[in-house]
Amino acid sequence: MEKIIVNGVKKLRGEVNISCAKNSILPIIAATILCPESIVINNAPMLEDVEVICKLLRELNCEVDFSKIDDKLKINTSNINPIDANTELIRKMRASFLIMGAMLARFGYCKLSLPGGCNIGSRPIDLHLKGFKLLGADIIMGYGFVEVKTKKLIGNRIYLDFPSVGATENILMAAVLAEGTTIIENAAQEPEIEDLARFLNKMGANIEGAGRGKITIHGVKDLKGIEYTPIYDRIEAGTFMIAAGITNSTIKINGVNEEHLRPVIEKLKECGLVFSEYKNNSIIVDGSRIKKAVDIKTLPYPGFPTDMQAQMMSLLSVTEGTSVITETVFENRFMHVTELARMGANIKIDGRTAIIEGVPQLTACEVKATDLRAGAAMILAGLVADGQTEIGDIYHIDRGYVNVEEKFRKLGADIYRIDV
Ligand code: EPZ
């Protein structure tokens, strides 16, 4: 079993390069099922989650080749088998469920095991299925599986009770080859949705309004193979911004889209970080000033991202004053609180709200990554904790951060991975 060791207290310096967005490349890989031609995805981050969805496509008889030399992912789904996808892989990573919309559009059929919930919440799929049903699919559920089938998908108007990222993406992929026009209302507006739509439109789809609350999809007959480069990972970039703040350091981050990070940058400015020299997708982050307690409410984009909540909690744990974090997106995304408390953080939970009293110093100890972003929060806390922090269950972290300890080490952190 692997652990990450972080020796505090360390300042950071230098620059870090951000990888392509995990939450962009996963739906884009799923969308390759829509087109029986070769597709090349550039700058592919070989994350655990990317490997899982690539393995799933290989199991379905697709050609999937990753070239380590130039980080190009080559995919050809022309010989895909529309058989039941491997249940174990679907359960291992819920994002695999994103292949359902594309399989339904291409074959009129798909049967997948119900995606597992995970630590942060029940992760239902009712909105995905509502969209498929409104497009004309029959839904059969039972024995841990969900089966969708249709003779033909017909465009329709679909209102999402919640702007679900996954449901928006799955329905978008189902609609691109449907007959007629589909309108998704109260759609998710995350930058990764816009990126998926840009990818599909480059393949020949006809999608308008992605990135806003109403998306219109005019069905087309077929799509063509392309080469594409997904956007940068705004959550990885935000994580390193907080690394500068928590260690009172100044670093340069390469691979930032300021617009995509607006809610995070504005909140970090309120907390006392200074941002400058934003050009060519790079930005200087000065975290050397005294920090101020701030209140945060996580919301769907363009609100403050839930995927940055745990990392912010690490920063606010050592920021003088009282901060309040309200998690409105997932029902159980405070498991990192107990881990931070082990390090001396003073946090009280009241339902979906955490009240954080900043302490002068955290102390190192053994902690666990309770989910992907909580793991990143543990690394951030370890950078400023007195002593050696040992982080277990780091498979969570590898799902979303490429060579995480290498990137921090290059910034001057005393961090390494051990096999125990
Ligand atoms: C995506 O998950 C991201 N994952 C998550 O990132 C991110 O936290 C989340 O969006 C919110 O931004 C990927 O893109 C692979 P949702 P997703 O559907 O699509 C409810 C990370 O750390 N809901 O927007 O599963 C659900 O219960 C991961 O990178 C329904 O009620 O998120 C939740 O409360 C974690 N019915 C809320 O919507 C549905 O059918 C948000 O879920 C679907 C969702």
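**View 1. Asn43 sits in the loop that joins β3 (38-41) to α2 (48-59).** Helices (H or I, at least four residues) and strands (E, at least two) are DSSP runs numbered from the N terminus. The model is predicted: local features need pLDDT of at least 70 and side-chain atom pairs count only at pLDDT 80 or more, while totals for chains, interfaces and linings use all residues. Residues are numbered from 1 along each chain as its sequence is written, and side-chain values use heavy atoms, with hydrogens and water left out. Asn43 is not a glycine, yet its phi is positive, about 55°. Asn43 is partly exposed at 41% relative accessibility (buried means under 20% relative accessible area, exposed over 50%, partly exposed in between; 1.4 Å probe, protein chains only).

**View 2. Asp71 lies in the loop between β4 (63-67) and β5 (72-76).** Its phi is also positive, near 55°, in a residue other than glycine. Most residues other than glycine have a negative phi, and most peptide bonds are trans. Asp71 is partly exposed because its relative accessible area is 34%.

**View 3. Two cis peptide bonds are shown, Gly8 to Val9 and Tyr301 to Pro302.** Omega is near 0° for the bond from Gly8 to Val9, and Val9 belongs to the loop between β1 and β2 (15-17). For the bond from Tyr301 to Pro302, omega is near 10°. Pro302 is placed in the loop between β17 (295-298) and α10 (309-317).

**View 4. Lys3 is part of strand β1 (residues 2-8).** Lys3 counts as buried because its relative accessible area is 12%. The side chains of Lys3 and Glu390 make a polar contact at 3.1 Å (a pair of N or O atoms within 3.5 Å; within protein, one must be able to donate a hydrogen and the other to accept it, and residues adjacent in sequence count only if both atoms are side-chain atoms). Contact in general means heavy atoms within 4.5 Å. Beyond four places in sequence, residues touched by Lys3 include Glu366, Ile391, Tyr416 and Arg417.

**View 5. Lys22 and Asn23 are listed by UniProt for "binding site" in an unreviewed entry.** UniProt positions are given in the numbering used here, feature names are shortened, and annotations may be inferred rather than shown by experiment. Lys22 and Asn23 both lie in helix α1. Lys22 is buried, with a relative accessible area of 6%, whereas Asn23 is partly exposed at 27%. Not counting residues up to four places away in sequence, Lys22 touches Leu47, Asp49, Asp233, Leu372, Arg373, Arg399 and Gly400. With that exclusion, Asn23 touches Glu169, Glu192, Asp307 and Arg373.

**View 6. Helix α1 (residues 22-31) packs with helix α7 (residues 191-202) at an angle of about 35°, the axes being 9 Å apart.** Axes are lines fitted to C-alpha atoms, for helices over the stretch in contact, and angles run from 0 to 180 degrees between N-to-C directions. Asn23, Ser24, Pro27, Ile28 and Ala31 of α1 meet Glu192, Asp195, Leu196, Phe199 and Leu200 of α7. These contact residues divide into six nonpolar, two polar and two charged (Ala, Val, Leu, Ile, Met, Phe, Trp, Tyr, Cys and Pro count as nonpolar, Asp, Glu, Lys and Arg as charged, and the others, Gly among them, as polar).
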